[in-house]
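Okay, thanks for coming, everyone. Let me put the structure up and talk you through a few spots.

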Amino acid sequence: MGARILVIEDEVAINDVICLSLVAAGHEVDSFLDGEKAGKALKKRHDYGCAVVDVMLPGKDGFALLPELVSYGIPVIFLTARGELPDKIRGLTGGAEDYMVKPFEMVELLVRINKVLERHSPSEAVVTIGDVIVDPAEYSNASEPPFYSLRATSDFNTLEPPQTQDIVMEP
């Protein structure tokens, strides 16, 4: 199954077609027609991979919802008829990942959602630099800041960065 997506769009037909398309693409969807109700629901559930949000909503507009969504770590794509440059700047500088203006192409929205999900999903890639391998699966959370265990491919078994000193790399 794909990610859980939050859709907050007050136009029923648009909301329905977005939800149907997301479900067809393998995602789970929660949708709201009202910004106020969406805001209340966020307090109970906020495990969304992405939110598609209209700006002009009854109850609470998308710009007012943005700080709350961002505080829960939910990436936001605004989908709105408000296409003026100041609105775009307000949304993007306020924390939105993307801003699309209606009318829109569904395929483009799906591609943008997938790109946001890719950027925000944890990477499990192993990185090799010379003889050193950085493996996220070997991650050890030793309070603050997070420290990584490093494996070496040759003479070393484990390299651990000092936990009591800051490492400063100079150019």
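So, pLDDT is the predictor's confidence in each residue, from 0 to 100, and a contact means heavy atoms within 4.5 Å. This is a predicted model: local features need pLDDT of at least 70, side-chain atom pairs count only at pLDDT 80 or more, and totals for chains, interfaces and linings use all residues. Residues are numbered from 1 along each chain as its sequence is written, and side-chain values use heavy atoms, with hydrogens and water left out.

The chain's mean pLDDT is 84, with 71% of residues at 70 or more.

Now the rings. Phe63 and Phe78 make an aromatic pair (ring centres within 6.5 Å; planes under 30 degrees apart are stacked, over 60 edge-to-face, the rest tilted). This one is edge-to-face, at 5.4 Å between centres and 75 degrees between planes. Phe63 sits in helix H3 and Phe78 in strand S4, so the pair ties together parts 15 residues apart in sequence. Helices (H or I, at least four residues) and strands (E, at least two) are DSSP runs, numbered from the N terminus. Both Phe63 and Phe78 are buried, that is, under 20% relative accessible area with a 1.4 Å probe, protein chains only.

Terms used: Phe/Tyr/Trp six-rings, centres within 6.5 Å; stacked < 30°, edge-to-face > 60°. Buried < 20%, exposed > 50% of the residue type's maximum accessible area, 1.4 Å probe, protein only.
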